[in-house]
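Please open the model in your viewer and keep the selection tool at hand. The stops below follow one another, each with something to select.

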Amino acid sequence: MNIAVIGSGGREHAIIKSLKKSPLADRIYALPGNGGMAGDAECVPVGAKDIPAIVEFCTREKIDYCVVAPDDPLVLGAVDALEDAGIACFGPRKRAAVIEGSKAFAKGLMTRYGIPTARYADFDDEAAAVSYIDSLPEGNVVVKADGLALGKGVILASSRAEAKAAVHSMMAEKQFGDSGSRVVIEEFLTGPEVSVLAFTDGENIAPMVSSMDHKRALDGDRGLNTGGMGTVAPNPYYTDEIADECMRRIFLPTVRAMKAEGRPFKGCLYFGLMLTADGPKVIEYNCRFGDPETQVVLPLLKSDLLTVMLACTEGRLRPEDVVFEDGAACCVIVASEGYPASYKTGFEIEIAGTDCEIFIAGAKLSEGRLMTSGGRVLGVTATAPTLSEAVKKAYAGVDKVRFTGAYHRSDIGARALAAADGR
């Protein structure tokens, strides 16, 4: 099969590396990809949101299967356009991708179908939102932009004043553009966070191995929120008992709810969970593979990824056919110093020999040299029989990476290891 993967980050590189293992895969294209993917796929300079150009390329090159990985093209209807042109796809159509494209829709869905989540209200008027905040007790509250905001449209406010300022920045100052025209205000939940990606064909669902993301830029979960500075899998807080409860109360009800709404979801459905004292609750849905969760989940997948994806597309997914290794994985992101605020790019990347997987995100080729071009430059992923071994191996791999201004957290996996040790 000739395959096109839409996107340009570390997530897409991980997907491509996994697809390459399939005996069904022939040529793999990345649209647009990046310089660090060039050894694994043929990069094509077509933007991930340029849907007409994507359809034209896939039609011209007789693409058999297209994997649409990022949120923007999914929410914009890339799968609809490709399928209408006769090209089979992995990913939800626009009506289903709204589960991530609108937080207000997602919260309403959970409310209608009794799926556990935080109490909330949503507003398209700033004065009404402020009035609602005044009615709440003083303390922590969560303010979210309704639409897509590059994973940054969530503000954890510690007071009414901070919550009002967040609403104003979103609705009046357009900090996140039109995504903040409507806001969702939620109660603040506490507990360990868990990410669970799941394959689904619209009826059946096969959860992947759980993972733990590290969002803050600095050690000790300090500093600004980022797109993710590292991940480990499995998440030690996510026990078999909790997994069974999530399947019964969250995963299957969500898939069935989307079907009942006339929005059958096919592809990868991401569940961001909080394990509260009242049980697991949904913090957010994503309509695609997470980044950098994908970089620890797919290296543990024993099953053929392309075969599983095709089963989702064709409505014949059998959960028992999705099998993962018993071991663990750790991914450490190496970023440009200053990320996610201001940072410099254009530095040559040197990678010495390592037995880790290197997933390139923010890099380009210049005269045959790999140069930094983004904030999150690459991820170093190691797999091992135990989490402690995977963490140690990943950091040994990080030591093999060199570029001016390289920065990484030194405590990826520390919280998971402490939990696993019962501390």
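Which elements each supply at least two residues of the lining of the largest cavity? They are α1 (10-20) and β20 (357-360), where helices (H or I, at least four residues) and strands (E, at least two) are DSSP runs, numbered from the N terminus. Before you select them, note that this is a predicted model, in which local features need pLDDT of at least 70 and side-chain atom pairs count only at pLDDT 80 or more, while totals for chains, interfaces and linings use all residues. Residues are numbered from 1 along each chain as its sequence is written, and side-chain values use heavy atoms, with hydrogens and water left out.

**The cavities**

Select A14, K17, S18, K21, L298, P299, E357 and F359, which line the largest cavity; α1 gives the largest share of this lining, three residues. On a 1 Å grid over the protein atoms alone, a cavity is a set of points where a 1.4 Å probe fits but cannot get out, whereas a pocket is an open set with protein on both sides within 12 Å along at least five of seven lines, and lining residues have an atom within 4 Å of a point. The space in the largest cavity is about 50 Å³, a volume being the space filled by probe spheres set on the points, with grid points joined across faces, edges and corners. Its lining has four nonpolar, one polar and three charged residues, where Ala, Val, Leu, Ile, Met, Phe, Trp, Tyr, Cys and Pro count as nonpolar, Asp, Glu, Lys and Arg as charged, and the others, Gly among them, as polar.

The structure holds two cavities of 30 Å³ or more. For the second largest cavity, with about 40 Å³ of space, select V68, A69, L74, F90, G91, P92, C268, C287, R288 and F289, a lining that divides into eight nonpolar, one polar and one charged.

**A pocket**

Next select V196, P207, M208, V209, S210, Y238, T239, D240, A243, M247 and F251, the lining of the second largest pocket, whose volume is about 270 Å³. Helix α9 (residues 240-260) provides the largest share of that lining, four residues.

**Two helix pairs**

Now select helix α7 (residues 126-135) and helix α8 (residues 160-171), whose axes come within 10 Å and cross at roughly 165 degrees, which makes α7 roughly antiparallel to α8. In this pair E126, A129, V130, I133 and D134 of α7 meet R160, A163, K164, V167, H168 and M171 of α8, and the contact residues divide into six nonpolar, one polar and four charged.

**Backbone details**

Most residues other than glycine have a negative phi, and most peptide bonds are trans. Select L31 and P32, which a cis peptide bond joins with omega about 0 degrees; P32 lies in strand β2 (residues 28-32). Another cis peptide bond joins A233 and P234, with P234 in the loop between β15 (230-233) and α9. Finish at K174, in the loop between α8 and β9 (183-187), where phi is near 55 degrees, a positive value.

How values were computed:
Axes fitted to C-alpha atoms, helices over the stretch in contact; angles between N-to-C directions. Parallel < 35°, antiparallel > 145°, perpendicular 65-115°, else oblique. Contact = heavy atoms within 4.5 Å.
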